[in-house]
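Here are my notes after going through the model you sent.

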Amino acid sequence: MSKFVYLFNEGHSGMKEILGGKGANLAEMTKIGLPVPFGFTISTEACNSYYEAEKTIPSEVTAQVLDALYALEEKTGKQFGNPENPLLVSVRSGSVFSMPGMMDTILNLGMNDETVEGMAKLTNNPRFAYDSYRRFIQMFSNVVLDINVFFFEQYLEETRQHKGYSSDPEMTAEDWKEVIKGYKDIVKKHNRKSFPQDPKEQLFLAINAVFDSWNNQRAIVYRRLNKIPDHLGTAVNIQSMVFGNMGNDSGTGVAFTRNPSTGEHILYGEYLINAQGEDVVAGIRTPQPILTLKDEMPNVFQQFAETSKRLEQHYQDMQDIEFTVERGELFILQTRTGKRTAQAAIRIAVEMVEEGIINKKAALLRVDPDQLNQLLHRRIDDGFERKILAKGLPASPGAATGQVVFDADEAESLTNEGKKVILVRPETTPDDIHGIVAAQAVVTSRGGMTSHAAVVARGMGKACICGCEALKIDLKAKQFSIGDTLVNYGDTITIDGATGEIMLGEIPMIEPELSDEFQLLLAWADQERKLGVRANADNPQDAKKAFDFGAGGIGLCRTEHMFMDLNRIPIVQDMILSESYEERKEALNKLLPMQQGDFEGIFEAMQGYPVTIRLLDPPLHEFLPDKEELLIEVTKLQILQPDSSELRKKELLLKKVRQLDEFNPMLGHRGCRLGMIHPEIYEMQAKAIFYAVANLADKGLDVKPEIMIPLVGHVNELKEMRQLVIDAAFKVKEETGKDFEYLIGTMIEIPRAALTADKIAEEADFFSFGTNDLTQTTFGFSRDDAEGKFLQTYIENKVLPDNPFAVLDQDGVGKLVEMGVHLGRQTKSHLKTGICGEHGGEKSSIEFCYKTGLDYVSCSPYRVPLARLAAAQATILHNKSETRNLTEVK
C-alpha cells in the first residue's frame, strides 16, 4: 500500500515534492533537534488522489491519518477529544513552493463544548481556553463552512463596543463565553446546522478544506503569476498546538534572519504578547519589533537568536521563521526560505559569500534575474521637498504614484483601463491578490512588516506601506482622512515604500543607481558567463545607458526610429512621394548626414564594442499620415478650400498612401524587399554607416559595424543586398582614403530563412534571430491582434503555457532557432549567432540561447543586468565544458 502520511520524524528537507515545503522543513527541524511541536504531514500525493477520487479522501489515506493521530497522542500524552487532557492541533497547507497566504489554515482544532472546559481547568486559565475556542469557531466556520468572516468580526466589534473595550486582551472569560454563544448562532443561521462537536469530524472536514484550497481563486492566481504547476497539489500539516495566548509570558511572532527589505544582517520581524500566530500575519493588531523581545523575555530572545543563526547556517540561506512562546518556552512552528526584495537578495548573496556560508556560484543562483527590474526603476527625487501626510511602516521599498482606490476589483478594473492606482485598505487578505497585482503600490492602516500585504508586495517588487494608523479609512464613503486632510477615491497620492511616507499629488522621480553589491554580483556573473550580452538601442542616449549597464555591444539598432524624428519626417515623406529616381536621391542626400550623425553618436557611446545596424525594415506607409485621418482632411478642404494649394498637396499624399496601402503590411513590402525595389535607400544608409566609421577613425576610435539585412527569406535576396553594401563600402573607402572592416549578416525572422540557413549562411557573416517576427510568422499570429483578443484566454485556459511573445516558444520557434544555428554552422563553422527579439531579456529564453550555442543575446538597456545574471546562471547550471567561439563576452 502507498504511504500517504509521514510523522515529522520520518521525513527530511529533501522530500519537498512529497511533504511540501512546510512539511519537509518541519521534518528537517525535528531531525536536527529543534523545539518543534510534533505532528505529521499528509502528502501532496494524497491531495492528487483526493482530486482523482472526485474530491473524496481515499480510505487508505483516512486509515493512515488515524494511525498517525494515535502516534501523535502517544508522543504528546494527550488524547484527541478527551475533556480531561485534550489534544488540540493546527491544520495547515504546505505546497511544494511557498505560497504565503494563498491557502487556508485552521488553529485549535479539537475544541468543543467539553474540551474547552478541560483546557480551562488544565491551564487554570479560563480566559485563554474560551478565547482559543472562539478563534477556532471563527476560523473553522470561515475556512470549512464557508461563512464570511465579516459576520464574526462584526459581532465581536459590537460586543467590544458594548462593553467599552478597545482591544481583545481586555475581554474576560465570561465575555468570550458570550461571544462563543453568538458565534454558534451565526453558524446555525448560515449553515443550517450546529457547529460540529466531534473532533475527528472536524479534522477530516478541515483536511478536505485544505485540499480544496489548492484550487481556490487566489491560489490559482498566485500559481499563474509565479508559474507554479497546477499538478503538484498541496500537503496538509497536522501539528500539536502550542499557545501564545496563555498570558503575558506567552506570545507569537514571525521573524527573518536578515532584513528582507535591505538585506542587513540583523534579526528582523515582529511579535505579539498574548496572541496566536494569525494575529500577526492578519494585521489585526499592530505588533512589536522583534528586538524589543530582548527586554521583555531575554532568555527566550537569546534562544531564538541562536536558533535563527543555526537555521540560517543549516539551510545556507535567509530564513523566514514562525515561532510561539508558551509560558516562557520557545517553539519553532515553521521555517522557510524568506522572500526578499531584489536589493536584499543581492546584499544577502554577496555577504554570505564574504561570511563563508556559500560560494560565488551559489550566490549568483540565489538572485532571481526578474527581481533586478526592481532596482532599475525610478525613485522619488531627493531634491523635492516632501509634504508628508502620514508615515507608516516601510514594508517594501520603491516609489509609486497613482489614484487612490479602496477595493481590489476596482484596482484591477481601472488598471485594465490604463490608469495607475494605489490600493488603500485597512489590511489586505489573500482574496485581494488580484488587486495587489494590478496596483502600483499598496497602503494599509493596520498590520506590520510581516503582514499579508507586506510579504506579497515584497515578492512582487511593489512598494508597500503597512500599519499607517494615522489613516482613518471609510470604505463605504471611499475616502480616508489624516488629521484634517480628506483624500477621496480617485485622488492622486505618491508613496515611498523605503521610508513609509505618504504624500499628496504626483512627485518627481529620478533614475536609479546600482549599489556596490549589485556591481560586484554582476562582475561575478561576467566571470562565469559564456554568453555575450548586447543591447537593443536606437540612439546615443540608449546606447550610453546600455554601456553603463554593462552591455558588450549593440545587437539591434533599428534605423527606422531615426527616420521618425519630427524634423526628418518631412524629408522622409518627400523621399516617399518623389516621382523620379533623381527626386528620391535628393531627399536621401539630405537624410544621409543626419543618419551619419546618429551612427557616430552610437559608435562613440559603445567605445569600440560591436554595433549591429539593421537597415530600414518597416513599409514606407508607416512614415505617412493615417489614411482615414487624411481622407477626412481632404474632404474638409474640398468643401471649404477647393482651390487651395494645401488641398492639392493633401490629395497627392492621399494618392500615395493608397498606392502604398497593403492588406497585410507585416508580410508585405518591407525589409529587404524594400531594398530590392529601392536600392538607393539601403545604399544611403550603408554609406552613412561607413562615413561615420571613417570619420571616427580620425578620432582614434576603432568601430566594429555589423550591417544587418532584415526579412531575408531567400539567399538571393541577401546576395544582392550584400553586394550593394560591399559596393557602398568600396566607394566610401575610395572617397575617404580610409580602410575599415565590417560584417554583413541577416536577421532570421521568417521560417524559410531558418529552414534554408545553410544556403543563406553562404552570404552571411552572422545571423541574428529576430524572435518577435519569427514568433508571429511561426504561429501565424498577428501580435497586436493576438494579445488583444485571444492570447490571454489561451494562457488562462492553459492552451499555451506562456505568452510566446514574452517567453520563447522552445518547442516550435525554438526548433527553428536550433535548426538555423545548426545549418548555418554547417556552412560556416564560426558563424556568429545572436538573438535580438524581446526574448533576449527573459531568463528562460536566455538559458535556451546558451544551450543552443548562440554567441550573444540582445535586449533593452534596462534588461542588460538581468541578462548578464541569467547568462551566468545558465552557464553554472549547465556547466558546458566545450570551448565556445565567443567574441564579445564582457
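1. Let's start with Glu842, which is found in the loop between strand S30 (832–835) and helix H34 (843–852); helices (H or I, at least four residues) and strands (E, at least two) are DSSP runs, numbered from the N terminus. Glu842 is buried, with a relative accessible area of 9%, where buried means under 20% relative accessible area, exposed over 50%, and partly exposed in between (1.4 Å probe, protein chains only). The side chains of Glu842 and Ser845 make a polar contact of 2.6 Å. By polar contact I mean a pair of N or O atoms within 3.5 Å; within protein, one must be able to donate a hydrogen and the other to accept it, and residues adjacent in sequence count only if both atoms are side-chain atoms. Not counting residues up to four places away in sequence, Glu842 touches Ala806, Val807 and Arg863, a contact being heavy atoms within 4.5 Å. Its C-alpha atom is separated by 22 Å from that of Ile613, 229 residues apart along the chain.

2. Some ground rules. This is a predicted model, with residues numbered from 1 along each chain as its sequence is written. Local features need pLDDT of at least 70 and side-chain atom pairs count only at pLDDT 80 or more, while totals for chains, interfaces and linings use all residues; side-chain values use heavy atoms, with hydrogens and water left out.

3. Next, Ser858, in strand S31 (residues 856–859). Which side chain does Ser858 meet in a polar contact of 2.6 Å? That partner is Asn536. The side chain of Ser858 also reaches the backbone oxygen of Ala535, at 3.2 Å. Ser858 has 0% relative accessibility, so it counts as buried. Beyond its neighbours within four places in sequence, the contacts of Ser858 include Arg534, Gly555, Leu556, Ile835 and Gly840.

4. Thr612 sits in strand S26 (residues 611–614) and is buried, with a relative accessible area of 0%. Leaving aside neighbours within four places in sequence, Thr612 is in contact with residues including Arg534, Gly555, Leu556, Glu706, Met708, Phe766 and Tyr856. Two of the names there meet again: the charged end of Arg534 sits over the ring of Tyr856, 4.1 Å from its centre. The criterion is NZ of Lys or CZ of Arg within 6 Å of the ring centre and within 35 degrees of the ring normal.

5. Have a look at helix H9 (residues 217–226), whose buried residues are Arg218, Ala219, Val221, Tyr222 and Arg223. They pack against helix H8 (199–213) and helix H16 (433–438). Asn216 caps the N-terminal end of H9, with a side-chain oxygen 3.3 Å from the backbone nitrogen of Arg218. Just after H9, Lys227 takes a positive phi of about 55°. Arg223 puts its charged end over the ring of Trp214, 4.0 Å from the ring centre.

6. On backbone angles, two other residues deserve a glance. Gln607 is not a glycine, yet has a positive phi of about 50°; it lies in the loop between helix H22 (581–606) and S26. Leu711, also not a glycine, has a positive phi of about 60°. Leu711 belongs to the loop between strand S27 (705–709) and helix H27 (715–736) and, at 2% relative accessibility, counts as buried.

7. How many aromatic pairs does the structure hold? There are 22. Rings of Phe, Tyr and Trp (its six-membered ring) pair if their centres lie within 6.5 Å; planes under 30 degrees apart count as stacked, over 60 as edge-to-face and the rest as tilted. Phe8 and Phe38 form an edge-to-face pair, 6.0 Å centre to centre with 70° between the planes. The pair links distant parts of the chain, 30 residues apart. Phe8 counts as buried at 1% relative accessibility, and Phe38 does at 10%. Elsewhere, Phe779, Phe781, Phe790 and Tyr794 form one aromatic cluster.

8. Last, an open sheet of three strands, ordered S18-S19-S20 with antiparallel pairing; two strands pair if DSSP finds at least two bridges between them. Its edge strands are S18 (472–474) and S20 (485–488), each pairing on one side only. Three bridges join S18 to strand S19 (residues 479–482), and Asp474 stands opposite Gln479 in S19.
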